[in-house]
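Please look at the sequence and the model together before reading on. The paragraphs below begin with the overall fold and then follow the sheet, the cores and a few single residues.

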Amino acid sequence: MPGSQVDLRPVRNLDRYLGETYKFKVIDAPKTINAIALPGGWVYVYSGLLLSAESEAEVAAVLGHEVAHVNQRHVIKNLPPPRGSKSFTDILVNFLAAQGT
């Protein structure tokens, strides 16, 4: 899909169906083909994934996969118990700050 834009209109009303407000952000990293789901409905898509996708359907499949992670609370369920002075919130804030959000 090089040179095209992804239409996120279909995912804007997910909160009505899934009970979560989703926020989608693109991380400018053209060599990285990945996406990340975080608690609170945050879904980050690397620009490399958008550039390498051959269709909107491929991007939709990845976004659906990431939304499912948020909806099923996979990140929270897989967190190790807190140790030391760093809480999950501290780690999350540091991660988001590093991503420029």
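How many helices and strands does the protein chain have? There are five helices and three strands, where helices (H or I, at least four residues) and strands (E, at least two) are DSSP runs numbered from the N terminus. Read along the sequence, these elements follow the pattern α-β-β-β-α-α-α-α. The model is a predicted one, in which local features need pLDDT of at least 70 and side-chain atom pairs count only at pLDDT 80 or more, while totals for chains, interfaces and linings use all residues. Residues are numbered from 1 along each chain as its sequence is written, and side-chain values use heavy atoms, with hydrogens and water left out.

Of the 101 residues of the protein chain, 28% count as buried; buried means under 20% relative accessible area, exposed means over 50%, and partly exposed lies in between, with a 1.4 Å probe and protein chains only. The chain exposes about 6,800 Å², of which carbon and sulfur atoms supply 55%, the areas coming from the Shrake-Rupley method with a 1.4 Å probe and, for residues, with only the protein chains shown counting as cover. Among contacts (heavy atoms within 4.5 Å) with a separation of 6 or more, 43% are between residues 24 or more positions apart.

The three strands form an open sheet in the order β1-β3-β2, with mixed pairing; two strands pair if DSSP finds at least two bridges between them. The edge strands are β1 and β2, each of which pairs on one side only, and the twist averages 20° from one strand to the next. Strand β2 (residues 35–38) instead pairs with β3 (residues 42–46) in the antiparallel sense over four bridges: Ala35 stands opposite Val45, and Ala37 stands opposite Val43. Three residues lie between the strands of this hairpin, in which Gly40 takes a positive phi near 90°.

In a regular strand the side chains alternate between the two faces of the sheet. Strand β2 can be read in this way, with Ala35 and Ala37 pointing one way and Ile36 and Leu38 the other, all of them buried. Strand β3 has four of its five residues buried, so it is largely enclosed by the rest of the structure.

Which residues make up the largest nonpolar core? They are Tyr22, Ala35, Ala37, Val43, Val45, Leu49, Leu50, Ala53, Val59, Leu63, Val67 and Val70, twelve in all, a nonpolar core being a set of buried Ala, Val, Leu, Ile, Met, Phe, Trp, Tyr and Cys residues joined through side-chain atoms within 4.5 Å. At least two residues of this core come from each of β2, β3, α2 (47–52) and α3 (56–71), and α3 gives the most, with four residues. Apart from this core lies another, of eight residues, among them Ile27, Tyr44, Leu92 and Leu96. Helix α3 lies across β1, β2 and β3 and runs at about 25° to β2, where axes are lines fitted to C-alpha atoms, for helices over the stretch in contact, and angles run from 0 to 180 degrees between N-to-C directions.

Some single residues complete the picture. Not counting residues up to four places away in sequence, Val45 touches Lys25, Val26, Ile27, Asn34, Ala35, Leu50 and Leu63. Ser47, placed in helix α2, counts as buried at 10% relative accessibility, and with the same exclusion of residues up to four places away in sequence it touches Val26, Ile27, Asp28, Ala29 and Pro30.

Rings of Phe, Tyr and Trp (its six-membered ring) pair if their centres lie within 6.5 Å, planes under 30 degrees apart counting as stacked, over 60 as edge-to-face and the rest as tilted. By this rule the count comes to one aromatic pair. The rings of Trp42 and Tyr44 have centres 6.0 Å apart and planes at 15°, so the pair is stacked. Tyr44 is buried, with a relative accessible area of 1%, whereas Trp42, at 25% relative accessibility, counts as partly exposed.
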